[in-house]
Amino acid sequence: MNKIQGQTSLVMIVLMIVIFIGIGIFLLITSFTTEETEYYNLYAHNLLVSVMRAKTGYRSPCDTVADTVYCAMTGLGKQCRYLRDDTVKKDCGEVSDEITPQLIRKVLATKPSLDYYMIMQPEDPEYRGGETITYGNPDVQNKGKTWTANERILQYQTNLQVTLILAPI
Amino acid sequence: MLRSGQAHLMEYILLSFFIVMVIVIIVFFLAGWQIGTTGSRKQLLQQQRAAFLMKSFSNSPFLNKEGFKEGGMLEDSKLTVLDCGDLEALVGRGWFAEVKVLDSTAECTKDNYPRCGVWKFCKTDNPEFIAYDIPVNIYRTVTKDVEIGILTVGFYE
């Protein structure tokens, strides 16, 4: 009887130690993640908004990156003239593929520890078969720690949903 | 009978030993936790302060182009005429800010504007500081161009 009592006490003590250690680890992990998340969420949001508003160096309909992406998704075959040389003409998709990743990479050069993935799709899933445009590294989506920013490009035919995911390399 | 008593005694000694061990572990754990949280609390407060400064700076109507409230659309002409004193009156002392157009190195003054792309406010030689940066847009008043830049806000320790 006494032996069983002694064993029960030991088990209780071990359990208490395990519970304390568990609570400690949990609190430590949650406190660190909250701090990082706030800053990187702000960073991701500002990066997305800044890139979308930036001028491309081409004339309408490729005035800004947002305009270009929208044109690439909706305006089949539309072309944009280069501002500095009117003879240079490119498809909206071509301009978007050239400028958007280039701008993101330029900004992220100041944060070399981050990788990105950008997804642009129409809000109406039936619009042009729900076709999407993506840039960056798709593996970023599957990383454990990510920071996501969402924005909408409001346009006449269909709004676009733009998502930028950042993750540590 | 004596053996049974000794066994009991040993059991109590063992139990007491484990209880003391648990108390010692708890004390160490709480002390470590306190030290850890103090450090992270300091970091958290610094981040909150930096985030507040970054948001104040990037959303301030004194620096932004009219009509843009979110995400920061800093107007280069406003940045050029602004000085440290104006900003200190707005958000207090002990901090600095820098706005840099990507790929630009020339610091802006009233003489070389608009052929420049770096604006510095309240920067001193103090090497001990904590800084955070976020991307912002910079509106070029003369060319009506919108570029991307990095806003760095920090404070001296």
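Q: What are the elements of chain B?
A: Chain B has three helices and five strands. From the N terminus on, they run α-β-α-α-β-β-β-β.

Q: How confident is the predictor in chain B?
A: The score to look at is pLDDT, the predictor's confidence in each residue, from 0 to 100. Chain B has a mean pLDDT of 84, and 97% of its residues reach 70 or more. Where pLDDT is low, the predicted coordinates should not be read in detail. The model scores ipTM 0.76 and pTM 0.77.

Q: Why is A:Thr146 called partly exposed?
A: A residue is buried if 20 or more other C-beta atoms lie within 10 Å of its own, exposed if 12 or fewer, and partly exposed in between, with C-beta atoms placed from the backbone. A:Thr146 has 17 C-beta neighbours inside 10 Å, so it counts as partly exposed. A:Thr146 lies in the loop between S4 and S5 of chain A.

Q: Which residues is A:Thr146 in contact with, leaving aside its neighbours within four places in sequence?
A: They are A:Val140, A:Ile165, A:Leu166 and A:Ala167. Two residues are in contact if their C-beta atoms, placed from the backbone, lie within 7 Å. As for C-alpha atoms, those of A:Thr146 and A:Ala44 are separated by 10.0 Å, and these two residues are 102 residues apart along the chain.

Q: What makes helix H2 of chain A "mostly covered"?
A: Helix H2 (residues 65-74) of chain A has nine of its ten residues buried. Among them are A:Val65, A:Asp67, A:Tyr70 and A:Met73. Over the whole of chain A, buried residues make up 31% of the 169 residues. In chain B, 24% of the 157 residues count as buried.

Q: How do you know that strands S3 and S6 of chain A pair?
A: Two strands pair if DSSP finds at least two bridges between them. Strand S3 (residues 114-122) and strand S6 (residues 160-168) of chain A share nine bridges, in the antiparallel sense. Within this pairing, A:Met118 stands opposite A:Leu164 in S6(A).

Q: Which strands of chain A are called edge strands, and what makes them so?
A: The open sheet of four strands has the order S4-S3-S6-S5 (chain A), with antiparallel pairing. Strand S4 (133-136) and strand S5 (147-153) of chain A each pair on one side only, and they are the edge strands.

Q: Why do S1 and S3 of chain B stand at the edges?
A: Five strands of chain B form an open sheet in the order S1-S4-S5-S2-S3, with mixed pairing. Strand S1 (73-75) and strand S3 (118-121) of chain B each have a single partner strand, so one side of each is left without a neighbour in the sheet. S1(B) and S4(B) pair in the parallel sense over three bridges. One of the paired residues is B:Leu74, whose bridge partner in S4(B) is B:Ile138.

Q: How does the radius of gyration of chain B compare with that of a compact globule?
A: The radius is taken over C-alpha atoms, and the globule rule is 2.2 Å times the number of residues to the power 0.38. A compact globule of 157 residues would have a radius near 15 Å, but chain B has 28 Å. Along the principal axes, the C-alpha atoms of chain B fill a box of roughly 100 × 30 × 30 Å.

Q: How many residues does each chain bring to the contact between them?
A: Chain B brings 31 residues and chain A brings 30 residues. H1(B) gives the most to the side of chain B that touches chain A, with 15 residues.

Conventions
Residues are numbered from 1 along each chain as its sequence is written. Chains are lettered from A and ligands numbered from 1 in the order in which they are written. This is a predicted model: local features need pLDDT of at least 70, side-chain atom pairs count only at pLDDT 80 or more; totals for chains, interfaces and linings use all residues. Helices (H or I, at least four residues) and strands (E, at least two) are DSSP runs, numbered from the N terminus.
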